[in-house]
Amino acid sequence: MIKLSKYNQRSLYGGLIAAIITGTGVFLLGNISGYEAKKLITSSLPGINMLCNTIVLASATILALLLTLLGISSGSKSKLKKGHYTQVMAIAKLDTILFVIAIILFQIFNIPITESEELPTTWYSNIYWATLFLSSLLSGGMVSVILMLYNTVINMIKIVGLEEKDHPLVFHDDNNDSEKEQ
């Protein structure tokens, strides 16, 4: 398992807070009947499909941009510590997970469940809550990825653009022992 830096931990907390905020708004609706849930599912599915599409597109773009980031990292004058590459790996892993989940949910949400006559109406409230819970998790996950990416970009600007030699992610020959520990 990848050990997360303090920057990535903050990003994950930011995503968790975003998921809780979006999820809390849903729970303020209270208990709903199966028929009400069926109507709410019908009206919310286009927005949730758009969310899934957006996350799929954003995730694919972020993965491609991470390759560019790795090219800049390897081409920089400063030699970077393993911590930088660990951060990039964590972003890629979470982004890929979001990509796969968003595609799967997009396919599931396109099943016309509200058109089914065989499905008991009591199931609709559970489907509605699950849909909103999963969309909150997707939103929180994307916030985490963006915050992690932001931290990595800021570090790269400091190292490559501003040429900070004393940045914690810049490898120094006199720090061989501390590099092995990380």
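This is a short walk through a predicted model of one protein chain, from its overall make-up down to a few individual residues.

**The chain as a whole**

Start with the big picture. The secondary structure comes to 5 helices and 0 strands, so if you read the elements from the N terminus on, you get α-α-α-α-α. The chain has 182 residues, and buried ones make up 36% of them. As for the surface, the chain exposes about 11000 Å², and carbon and sulfur atoms supply 66% of that area. Now take the contacts between residues at least 6 apart in sequence: 84% of these join residues at least 24 apart.

You'll find Ser11 in helix H1, which covers residues 6-27. Is Ser11 buried or exposed? With a relative accessibility of 2%, Ser11 counts as buried, because the cut-off for that label is under 20%.

What does Ser11 touch, once its neighbours within four places in sequence are left aside? The contacts are Ser144, Leu147, Met148 and Asn151. Two of these residues come up again when you look at polar atoms. A polar atom of the Ser11 side chain lies 3.2 Å from the backbone nitrogen of Met148. The Ser11 side chain also makes a polar contact with the side chain of Asn151, again at 3.2 Å.

Seen from the other end, Asn151 belongs to helix H4. Its relative accessibility is 15%, so Asn151 counts as buried. The polar contact between the side chains of Asn151 and Ser11 therefore has a buried residue at the Ser11 end and a buried residue at the Asn151 end.

**Two pairs separated in sequence**

Met156 sits in helix H4, which spans residues 122-161. Met156 counts as buried because its relative accessibility is 6%. Where does Leu69 come in? Met156 and Leu69 are 87 residues apart in sequence, yet 8.5 Å apart in space, C-alpha to C-alpha.

Lys93 has a relative accessible area of 46%, so it is partly exposed.

**The aromatic pair**

How many aromatic pairs does a search of the whole structure find? The search turns up 1. The rings belong to Tyr128 and Trp129; their centres are 5.6 Å apart and their planes meet at 65°, so the pair is edge-to-face. The angle is what decides the label here, because planes over 60 degrees apart count as edge-to-face. Tyr128 counts as buried at 6% relative accessibility, and Trp129 counts as buried at 19%.

**A nonpolar patch on the surface**

Val100, Ile104, Ile108 and Ile111 form a nonpolar patch on the surface. Together these residues have about 340 Å² of accessible area. One of them, Ile108, lies in helix H3, residues 82-109. Ile108 has a relative accessibility of 44%, so it counts as partly exposed.

**Accessibility side by side**

Here are the residues discussed above, with their values.

| Residue | Relative accessibility | Class |
|---|---|---|
| Ser11 | 2% | buried |
| Met156 | 6% | buried |
| Tyr128 | 6% | buried |
| Asn151 | 15% | buried |
| Trp129 | 19% | buried |
| Ile108 | 44% | partly exposed |
| Lys93 | 46% | partly exposed |

Methods. Residues are numbered from 1 along each chain as its sequence is written. This is a predicted model: local features need pLDDT of at least 70, side-chain atom pairs count only at pLDDT 80 or more; totals for chains, interfaces and linings use all residues. Side-chain values use heavy atoms; hydrogens and water are left out. Helices (H or I, at least four residues) and strands (E, at least two) are DSSP runs, numbered from the N terminus. Buried means under 20% relative accessible area, exposed over 50%, partly exposed in between (1.4 Å probe, protein chains only). A polar contact is a pair of N or O atoms within 3.5 Å; within protein, one must be able to donate a hydrogen and the other to accept it, and residues adjacent in sequence count only if both atoms are side-chain atoms. Contact means heavy atoms within 4.5 Å. Patches are made of residues with over 30% relative accessible area and no salt bridge: like charges are joined within 9 Å, nonpolar side chains (Val, Leu, Ile, Met, Phe, Trp, Tyr) within 5 Å. Accessible areas come from the Shrake-Rupley method with a 1.4 Å probe; for residues, only the protein chains shown count as cover. A salt bridge is a side-chain nitrogen of Lys or Arg within 4 Å of a carboxyl oxygen of Asp or Glu. Rings of Phe, Tyr and Trp (its six-membered ring) pair if their centres lie within 6.5 Å; planes under 30 degrees apart count as stacked, over 60 as edge-to-face and the rest as tilted.
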